[in-house]
Amino acid sequence: MCGIAGIFDPQARLGRQALADRAGAMARVLAHRGPDGQGVFADDRVGLGHRRLAIIDRSEAGSQPMSLGGAVLVFNGEIYNHSELRALLEREGNAPDWRGHSDTEILLACLEAWGVRRTLVRCRGMFALALWNPDKARLTLARDRFGEKPLYWAAHQGMILFGSEIKALNACPDFNPGLDMTGLGLYLPPRLHPGPAHHLPERVQAAPGLPAPPDGRQYGRGRSRALFRLARRAGPDFFARNRP
């Protein structure tokens with residue numbers, strides 16, 4: 001278990017140092033998720049923070065945030081088929097000069113070689129990630145098929161905040177969301193909400209199923225996309241045919 005957090009400032013109003021300070025503060029409240037290290041990356045538009053629980057590659061080669069070809073990644077989870085993906089990259093001639101053998105490095109190399117969509121479709125595992133592409137000024141947030149690894153985000157003062165836990169968002173100055181009482185009431189009886197409303201603090205959303213940012217002019221060309229739709233792939237009678 002690791003922890004990721006960050007802030008996207010598309011208008012570059014805060015500055016690099018302020019983004020680094022806020023991303024670091026957001027990551028520090030996730031220390032219980034990653035006792036083995038902390039890392040921060042910041043440029044003029046984004047700050048990324050990470051708390052590390054080292055498992056596959058315990059060396060510094062697996063530290064995050066991790067960069068390759070300009071792209072920067074923070075990642076929580078495990079890619080079960082990382083060895084197969086690494087071998088595929090090498091057969092295709094797309095492998096970088098490997099620094100270690102962490103699944104994070106392999107995932108980042110896949111993202112660089114194949115793009116987000118092709119990479120995530122090929123990944124088998126549990127994950128939540130944030131990928132920053134400075135050349136396109138694009139931040140991508142993604143989760144695994146079943147949302148096993150948590151990822152929350154919120155729009156705040158023209159910026160996007162995100163983190164593995166809501167407390168990371170609360171560590172950002174001046175962010176004080178109230179509780180969505182309507183969503184809470186709908187959630188409590190079945191302990192599951194069928195629609196986009198949430199029992200979360202208002203203005204905080206959980207991916208997947210997250211809406212696009214509310215103001216395209218303010219946040220850029222933000223959009224939400226589902227890569228995995230079980231019902232579409234399996235057919236409408238999948239669950240009827242596979243009852244225990």
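The second largest pocket in this predicted model has a volume of about 260 Å³. Its lining is made up of 19 residues. Those nearest the centre of the pocket are C2, L53, I55, G77 and D103. By residue class, the lining of the second largest pocket comprises eight nonpolar, six polar and five charged residues.

Two secondary-structure elements, β5 (71-79) and α3 (103-114), each supply at least two residues of this lining. The largest share comes from β5, with four residues.

Two glycines are described next. G3 belongs to strand β1, which covers residues 3-8. G15 is located in the loop between β1 and α1, the latter spanning 16-28. G3 has a relative accessible area of 1%, and because the limit for buried is under 20%, G3 counts as buried. The value for G15 is 24%, so G15 is partly exposed, this class running from the buried limit up to the exposed one, which is over 50%.

Beyond neighbours within four places in sequence, G3 is in contact with L30, R33, G49, H50, R51 and S164.

| Pair | Separation in sequence | C-alpha to C-alpha distance |
|---|---|---|
| G15 and D44 | 29 residues | 5.5 Å |

Note on methods
Residues are numbered from 1 along each chain as its sequence is written. This is a predicted model: local features need pLDDT of at least 70, side-chain atom pairs count only at pLDDT 80 or more; totals for chains, interfaces and linings use all residues. Side-chain values use heavy atoms; hydrogens and water are left out. Buried means under 20% relative accessible area, exposed over 50%, partly exposed in between (1.4 Å probe, protein chains only). Contact means heavy atoms within 4.5 Å. On a 1 Å grid over the protein atoms alone, a cavity is a set of points where a 1.4 Å probe fits but cannot get out, and a pocket is an open set with protein on both sides within 12 Å along at least five of seven lines; lining residues have an atom within 4 Å of a point. Grid points are joined across faces, edges and corners, and a volume is the space filled by probe spheres set on the points. Ala, Val, Leu, Ile, Met, Phe, Trp, Tyr, Cys and Pro count as nonpolar, Asp, Glu, Lys and Arg as charged, and the others, Gly among them, as polar.
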